[in-house]
Amino acid sequence: MKRGLILWLPLALILMLFAVFWVGLHRQENHDIASQMVGKPLPLFTAPAALPGQPGAATADFRDGKPRLLNVFASWCVPCVAEVPVLMRLKAMGVEVVGIAVHDTAPALDQFLARNGNPYARIGSDDQSRIQLALGSSGVPETFVIDGQGRIVKQHIGVVGEGDVPELLAALGQKP
Amino acid sequence: MIAEAGLAALWFAAALALAQLVLGAMATSDARAALRASIAPVAVVQALFVAISFFCLIAVFARSDMSVLLVAANSHSAKPMIYKISGTWGNHEGSMLMWVAILGVAGATIALFERKLRADTKVATLAAQGAIALGFYAFLLIASNPFARITGVIEGQGLNPLLQDPGLAFHPPTLYAGYVGMSAAFSFAVGALVTRNVGPEFARAMRPWILGAWIFLTIGITAGSYWAYYTLGWGGWWFWDPVENASLMPWLAATALIHSVTVLATRDGLRAWTIMLAVLAFSMSMVGTFLVRSGVLTSVHSFAVDPQRGLFILELLAVYIGGALTLFALRVGTVSEGTRFDPFSREAALVANNLLLTVILIVVLAGTLYPLALEGFTGAKISVGAPYFNSVAGPLALVLMLIMAMGPMLRWRSDRPGLLLRRVAPAVVVGAIALALLIALAGPIGILPLFGLTVAALVAVASVAPLWKRNLTRTPLFTYGMVIAHLGCAVSIAGMASEGAFTKENLVAVKVGETQPIGPFAVTFAGLRELPGPNYAALEGVLLVAKGTGKPFIMAPQLRQFRDPPMLTNHAAIRTFWNGQLYLTIGEKEIDGRWLLRMWWKPFVTLIWLGGAMIALGGALALLGRVRRDLFAGRRVGAPA
């Protein structure tokens, strides 16, 4: 009898293995990488102006008591086009959006803003992705909510859609 | 037209696989023995059709027929011809078709050439092969049709540049041949269980297939390791990546199986265990295919992710492996134990070897799947890396090596410890001398490399001991095979330990004209030049390397920017010396205009792959020796050997 039971052991083990595989296949795919910087002060950076004749961006800009959005984007990024209308709407509601343009050039950026609209109060240029990396951002677009003391309150990965507006406003401390 | 012909051939092959399964299952019973003659032709014609289907797919890839979805998604008309052809199996659907094509050819080979096995066992074996093939045909035809058409595409999307490498063009076929060989062993095991015919003759019939599969797996793993080493530009030769582990696990099971099947063939022992291992080896091959193809694990090798397909393969696996293990549990109780042996004997050493290999297999399996299980149940993301595998599997592997050193010196059935001691004494003395020298001269090199080199020295001496005082011209070929394979293990371990202990690394940012040291060399950054490639543009660093006051030579690592798809790859410059390899890569440009150089001096690293090649060669000699003896004995006596 005992030997009989042991003989079923391999089958039991392999079925357990398959159960793990089955769970693995059905889990929600989530490849987002959350930034470790959320809740911490904005890293120190000074980004030169991305467009000639307009202001760049620096950490110091975020410490004047007014909460802002920090939007990491690029003119070559197709999904970034999709969120411009939503950012424009936020701008109309009085939200200041600071842009960080990753691996971008002034002419391309100019064209991008002319075609889609310009929601940005200022745009800093991040040629080498150094600011992006310092923020703990792993792709474009990503949007960070920065409070008035220059602390990162929230990270939004991917395109900002209409549905994300209330949540962002809440994090900014504004009533919708 | 070619695509449609290929699809039609695939349907025919599937129908024939069904016939092979049904006819085979019916003919297993002696009452319908008349049906048995029909199985072999069915198996052969099935192989023919699936081969035609596979060649049709190669043809559409070679002609860059962009109206076929698979070609458009994975090929590009500007690719060199060899990569157009290797692109056939560089993707999910094509690789599955290749898998089942090799399976079909294996089935035909069994049908045509297998003479040792009892007729009913052979028929049941072929029925099992038909069942496996049928599942994969269903998978191809229902869930991944390689011949699906698409309209309006003029140019393809290209093949991942990392895969555009001559070594990799032949890497998947090699591994697949190994996996399919394991499926033959599995079918033999199922056939033997169904017909209650587990014994030496079954073991002898199964052995060439296991040996063949094992040789292919050994070559595949060795070549894959070297490929990762020279194309990824990280200087490492084994990353414990899930996909690497997926190829290592069936190899471990197959290694155990080769040894247990020898006990069954020569001493009629370990019957149930051998059946169990045959099922396990095939399960591990299939789990490997599943892990790579389903996207259930993320790794550097990850391919297309499609949970529906993953589920399909998983269900197939559950049917085959679950079915075989149920059969095992029901039937193996009726298989008698076979011949008994003494706890101090060659059989016992082989049992210990088997157990250790199985434990290492479980260690690797657990480490590979733990992150998956944890994420599935708790959502936490972790990764299990080299520290776990090295510190757990490393010592076990060294103990395994010591048993391997002693095994061939033990007698079958029963032996005396005193006699063994006298036989292993020279090897132990050499090992002790190596250990003393290392402690005295090499400085602190880490415990695992230290014992690795010691064990390598001991095993090297012990593995040639079976040839001691023998007439070398009358020693059978498979004994030479064993000696060379065991020696290969020592060589490979020596390479791994030496690489771990003595590698020098230097990561520097350099200006043009600057000189930096690495190991015994001085490397001068002479400048950069741009070079056009067939489908990429390369930026090449020109490095002048000199050893001492010797004549300097040029080494030129490249950064390659591929166009379709756009991707930047790092092409290392490697120079091999008798005592190691110099490995140089060039990285990004720093802001201040300096370039990142990564340099390694790896003493005796080449021994790792030389050892792997020796292990495969040993397997090939053993296979040749067995097949030759079988044919010779068969002709002379007209009876099984």
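How close do the axes of helix α15 (residues 417-441) of chain B and helix α16 (residues 447-464) of chain B come, and at what angle do they cross? I looked this pair up to start with: the axes come within 8 Å and cross at roughly 150°.

Housekeeping before I go on. This is a predicted model, where local features need pLDDT of at least 70, side-chain atom pairs count only at pLDDT 80 or more, and totals for chains, interfaces and linings use all residues. Residues are numbered from 1 along each chain as its sequence is written, while chains are lettered from A and ligands numbered from 1 in the order in which they are written.

**Entry: α15 and α16**

Back to the angle of roughly 150° between α15(B) and α16(B). That makes α15(B) roughly antiparallel to α16(B) (over 145 degrees; angles run from 0 to 180 degrees between N-to-C directions, with axes fitted to C-alpha atoms over the stretch in contact). Helices here are DSSP runs of H or I, at least four residues, numbered from the N terminus. I noted the crossing of α15(B) and α16(B) as right-handed (near helix turned clockwise from the far one by less than a right angle, anticlockwise being left-handed). On the α15(B) side I found, among others, V424(B), G431(B) and L438(B); α16(B) brings residues including L450(B), T454(B) and V461(B). Contact means C-beta atoms, placed from the backbone, within 7 Å. By class, this contact has 15 nonpolar, 2 polar and no charged residues (nonpolar: Ala, Val, Leu, Ile, Met, Phe, Trp, Tyr, Cys, Pro; charged: Asp, Glu, Lys, Arg; polar: the others, Gly among them).

**Entry: α9 and α10**

I then checked helix α9 (residues 200-231) and helix α10 (residues 242-267) of chain B, whose axes come within 9 Å and cross at roughly 150°. So α9(B) is roughly antiparallel to α10(B), but the crossing is left-handed. Their contact has 18 nonpolar, 5 polar and 3 charged residues.

**Entry: G611(B)**

V491(B) is 120 residues away in sequence, yet I get 4.9 Å from C-alpha to C-alpha. Beyond four places in sequence, G611(B) touches G488(B), C489(B), V491(B), S492(B) and G495(B).

**Entry: chain B against chain A**

I counted 25 residues of chain B in contact with 17 of chain A. α12(B) gives the most to the chain B side, with 12 residues. That side divides into 17 nonpolar, 7 polar and 1 charged.

Notes. Helix = DSSP H or I, 4+ residues; strand = E, 2+ residues; numbered from the N terminus. Parallel < 35°, antiparallel > 145°, perpendicular 65-115°, else oblique. Contact = placed C-beta atoms within 7 Å.
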